[in-house]
Amino acid sequence: MGGLQKKKYERGSATNYITRNKARKKLQLSLADFRRLCILKGIYPHEPKHKKKVNKGSTAPRTFYLLKDIRFLLHEPIVRKFREYKVFVRKLRKAYGKAEWTGVERLRDNKPGYKLDHIIKERYPTFIDALRDIDDALSMCFLFSTFARTGKCHVQTITLCRRLTVEWMNYVVASRSLQKVFISIKGIYYQADVLGQLITWLVPYQFAHDHPTDVDYRVMATFTEMYTTLFGFINFRLYQTLNLVYPPKLDSKAESELKAEHEEDYAMDSESYLEKLSALSASLARVVATAEEEENQLDQFPADGEDIENMEAREKEQKEQEDQNRLFEGLKFFLNREVPRESLAFILRCFGAEVSWDKSLCIGGTYDVTDETITHQIVDRPDIDKQYINRYYIQPQWVFDSVNAKMCLPVEDYFLGVTLPPHLSPFVEEKDGDYVPPEKLKLMALQRGEKHVQEEEEEEDEDEDDDDDEEEDNDEEDEDLTEEKNLKKMEDQRSQGKTLAVKVTPGKVKPWETGSVGNKVRLEQEEKAEEKRLAIMMMKKKEKYLYDKIMFGKKRTTREANKLAAKRKAHEDTSKAEKKQKKAKKK
Amino acid sequence: MKPRVSNLIGRQTPCPQVLLNKVIEHDIRNTVGNVPMEWYQDYPHIGYNLDGKKIFKPIRNKDELDEFLDKMENPDYWRTVHDKTTASDIRLTDEQVDLVHRLQKGQFGDVNFNEYEPSVDFFTNEVMIHPVTNRPQDKRSFIPSLIEKEKVSKLVHAIKMGWIKPRKPKETTPQYYDLWAKEDPNAILGRHKMHVPAPKMRLPGHEESYNPPPEYLLTEEERLVWEQQDAEDRKLPFLPQKHSCLRAVPAFSRFIHERFERCLDLYLCPRQRKMRVNVNPEDLIPKLPKPKDLQPFPTTMSLVYRGHTSLVRSISASPTGQWLVSGSDDFTVRFWEVNTGRCMKTLEVGGAVKSVAWNPNPAVCLVAVESTVLLLNPSLGDRLVVSSTDQLITSYEPPEEDKEQAVTWALSEGPEHNKGHRLTLTHPKAVKQVVWHGKGDYLSSVMPDNSSNLQVLIHQVSKRRTQNPFRKSKGLVQCVSFHPLRPYFFVATQRYVRIYNLIKQELTKKLMTNCKWISSMAIHPGGDNLICGSYDCRLAWFDLDLSTKPYKMLRHHKKALRGVAFHRNYPLFASGADDGSVIVCHGMVYNDLLQNPLIVPVKVLKGHQITHDLGVLDVTFHPTQPWVFSSGADATIRLFT
């Protein structure tokens, strides 16, 4: 046996990975610069398959980067810019120290900067790749745009984030691509379908942040730097696809309308323009002036068999989508000053409604409260003094729920001062075995076109229980009631109740309780169960483990679902009892 | 301030008027200089005067009481100052007191000093017509500079030539353009194929709603649990809350934190591709033939044999299937009629019975019972059989020369003979197991003992001879068995089963059971398969033609196996364990060597109660019917048919 002895850890996975410190040394960068580079280039540590082998026999916890990744970083031109910046900072400090103010000024003027365009292009070779990865960018930019300009980060960054988010919202409005919205305790979630990609983002509520001390804002700023660049290019491209002018311009018609008023209120022209854009009340200018673009009809291709079915399904889906997009078309909304204007205006405009608000609230309101053609006024206070008769006063949740249900929900549940129905998450898709809250079931029935008869009946039943007990009392009370209508209604109800009370439904014979047939069925079931039990005994160890794991998971989900259902039942029981008590007290 | 005051006083007291120390009237200035006076603490003097004489301390130091009396009585106490250097008290004069007051007020020490005198300017503020100095002006101050002119002309030239350009205005807003104008859809991500895209954020569920359904809100106890949990252990990272209206929803305090954590995850968290197994659990269950198609096998408990008062260690059925013998810890051996469950005979044997075995020869009827091994004639059933048995015992002729034997053979007589005892083999140690050879002439007994080679003995009944087949101990012997057809002998030690060829007197095979501790063993009537029960809940099936490792390992019992048995005719085997169950399996062995045995569990039989953590202790099959007997720690024997 000749040849050299093989040494350990000189080939294989041990040579494919590199620890962070070694990588840093190889790149000759400080930890901060390395971090910045990793964030910008999208380099992340990898978890090796055999950690001990990679760690050269040690089990110490270390993070490993792929050696290829680090080699790839070696050629990055931005590393040189980092070094230049370091030198710049050193020179500047020196000039400050010597109080050479002209030198400081000169250095400041020649401050080295860098661009991230090539990195974006490299990380996302195609536009769809970039679009797929935009979720985090959106959430981050929306967060940064709500920051106060107090020095947590550069003011330019904040304004840039604001500008980009406004552009994005305008795009979503123009393309009508919003799909789902959800008010959570963290903020408002939106989901849009942009060029076939589902994009979800979270917008915090409009409050001042109390900035936590244990957050490294430099990391966030680096991410934002990358995200703004990415986001800007994506916006540009998206505007191009819709034939819109970029940077966005308001329609000339709308512009002239808006120009008349408020012109003198704003110091800077650019600022006022951004405000006008962010009002979201006017449509955007297009590159090619066209009348409202017709939706492209899907061409009919001759197809056969399954394709036809697919095609039909797709067509149906598209039709549904279009219907959803026209959800609020023809409705005229007015936002009271206490509701979150931006999010509501955004959502309503996305679904084709006309929106306006108080002039003192924001620029861009197009009509007044007194407008007689307003159909819905969104109010978030228990009561309002002056009410118009020809409009609905509803709480903001109606808009969100309607969008998620893809239909205009009945407004009665959302009137002023009414206890709101629960707001459900549209992102939950229940599989069989999961717990489905009863509200969702009701909603699904509504969507299928069934009126909520069941619920009404239930309520009636409840009423009847009480009514039967104290019928005579009711009789006396009836005389007291002056309104003819009410009386009639009550009597109707009562008569209905009577008929219901005496109704006898024919009983059904349960199959397994009768003689031999049932026994057979049960025996068969038992036999099957035993067979399964015996077969499980014969499983291999590995498969048994997997099987047990799967079954454990299944059991856990059912347990959780049962727990939720039990909780719900308990809640309903208590609320019912309370209701009864109240009624008894009233009487 | 203070040192200054004392200094002044020192300077201004060349002639102290009033001194408490009346002895010294002249200048007593101390010459020790500016040193801490503590240095003179232990001396009678306090320094030296100008003449170099010692200045002595006053004879008696003033104590607190003196001080107090002084304070009360002396009207000048307030203006008296203690001079440390001379250890004397000095009364300040009126002028000195005045001076102190003035200094305290921040005024000048001299009373006559006028601080508001008018100031006189050095230069006047009025412009004068004559220069201050008489120096004539330089020429360069009124002639244009040539050097500057040159410099300017150079700059002008450079600007004209376009060498110097005005500074470009800085771009503050980033410029965007169509970055993906020439995108290449085939381009993979620039780096490599190992890219793992970051998972998206989890979408919110109902519990995150500002107005969730009531069942998603936490109850009081759940909330307390949530609060006490570590942030990492929590199932929900936030507390679900219900707000009556949108107006009432506050800002989420951890919003920036969560975003930051997401950032950290994106660039710091090691990523790995995980293969998620997506299998239907039903597919994992092996497809076995239905037990219904594998009948007959015992399914129901039909008889319970009661009578023993302690654990029934061992049972054995007669080769005809009419009788059953059982040995128990209550020092009795009982004979039962199988079909009726009647106890036909009870024999006191004077010791716990560890093992019983019915002679497989149908013509003879002998039962070997442990403690000292007893050969019994149960005198049940056919008279011919009984007499032939007795004849077998009596036909023995002692050989010419007596050989030294490991056990002593003794013939029973008198009342014992009447009870059924025929032969008594007194062993040197406790016997754990007895086994008959298939022909019924040979008998093997096991005396487990790790240290000696005298663990297994083979006795020949007809010649009353005993031999010790092994010269060396290979470990603690658990059980032994004869091959049903060929002259092989199976010895199970703690972890291995060794197969010996009795004619060639050599080891033919050593089976690795992969068990920790073998408890029992049974051999298929065909002789090519073997099952081993072990105390670590496993049952190993060996195909001797296949390998020395188990062909199948069954883990269907929850607790230690105590007994295993094969059926003589039907393809059945059973195992009894401490969990109180007997599992009957279908174990088909094919004559075709290419086809592996088929093992299907067909029935779990339960009936025995668990007493003292012991369930079933022994199982045995009926020799002709598909019935199984089991004996348990609850002092019963049960028949499953």
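The model is predicted. A search of the whole structure finds 42 aromatic pairs over all chains. Two of these pairs are described below, one in chain A and one in chain B. Helix H6 of chain B and its cover from chain A follow.

- In the span 609-641 of chain B, the end C-alpha atoms lie 19 Å apart.
- Strand makes up 48% of residues 609-641 of chain B, and helix 0%.

**Chain A overall**

- Chain A holds 23 helices and 9 strands.
- Of its 587 residues, 41% are buried.
- Take the contacts in chain A between residues at least 6 apart in sequence: 61% of them join residues at least 24 apart.
- The accessible surface of chain A is about 35,500 Å². Carbon and sulfur atoms account for 51% of that surface.

**Aromatic pair in chain A**

- The search gives 42 aromatic pairs over all chains. In the pair Trp168(A) and Tyr171(A), the ring centres are 6.2 Å apart and the planes stand at 40°, so the pair is tilted.
- Both residues belong to helix H11 (residues 155-175) of chain A. They are 3 residues apart, about one turn of the helix.
- In an α-helix there are 3.6 residues a turn, so residues three or four places apart point the same way.
- Trp168(A) is buried at 0% relative accessibility. Tyr171(A) is buried too, with a relative accessible area of 3%.

**Aromatic pair in chain B**

- Trp541(B) and Phe573(B) have ring centres 5.2 Å apart and planes at 50°, so this pair is also tilted.
- This pair links distant parts of the chain. Trp541(B) is in strand S25 (residues 539-543) and Phe573(B) is in strand S28 (residues 572-577), 32 residues apart.
- Trp541(B) is buried, at 0% relative accessibility. Phe573(B) is buried as well, with a relative accessible area of 0%.

**The cluster and Tyr239(A)**

- Trp168(A) and Tyr171(A) belong to one aromatic cluster, whose members include Phe142(A), Tyr190(A), Trp201(A), Tyr239(A) and Phe346(A).
- Tyr239(A) is found in helix H12 of chain A. Its relative accessible area is 0%, so Tyr239(A) is buried.
- Tyr239(A) and Tyr171(A) are 68 residues apart in sequence. Their C-alpha atoms are 6.8 Å apart in space.
- Leaving aside neighbours within four places in sequence, the contacts of Tyr239(A) include Glu167(A), Asn170(A), Tyr171(A), Tyr246(A) and Leu284(A).

**Charges over rings**

- Arg234(B) lies over the face of Trp226(B), at 3.8 Å from the ring centre.
- Arg271(B) places its charged end over the ring of Tyr44(A), 3.6 Å from the centre.

**Helix H6 of chain B**

- Helix H6 (residues 255-268) of chain B has 14 residues. From first C-alpha to last, H6(B) reaches 20 Å, close to the 20 Å expected at 1.5 Å a residue.
- In H6(B), 10 of the 14 residues are buried, so the helix is largely enclosed by the rest of the structure.
- Among the buried residues are Phe255(B), Ile256(B), Arg259(B), Cys263(B) and Tyr267(B).
- The cover over the buried residues of H6(B) includes helices H3 (31-41), H10 (134-145) and H12 (217-241) of chain A. Strands S2 (64-66) and S5 (197-204) of chain A are also included.

Conventions:
Residues numbered from 1 in each chain as written. Chains lettered and ligands numbered in written order. Predicted model: local features only at pLDDT ≥ 70, side-chain atom pairs only at ≥ 80, totals over all residues. Heavy atoms only, no water. Phe/Tyr/Trp six-rings, centres within 6.5 Å; stacked < 30°, edge-to-face > 60°. Helix = DSSP H or I, 4+ residues; strand = E, 2+ residues; numbered from the N terminus. Buried < 20%, exposed > 50% of the residue type's maximum accessible area, 1.4 Å probe, protein only. Lys NZ or Arg CZ within 6 Å of the ring centre and 35° of its normal. Contact = heavy atoms within 4.5 Å. Areas by Shrake-Rupley, 256 points an atom, 1.4 Å probe, with all protein chains shown as cover. Expected span 1.5 Å × (residues − 1).
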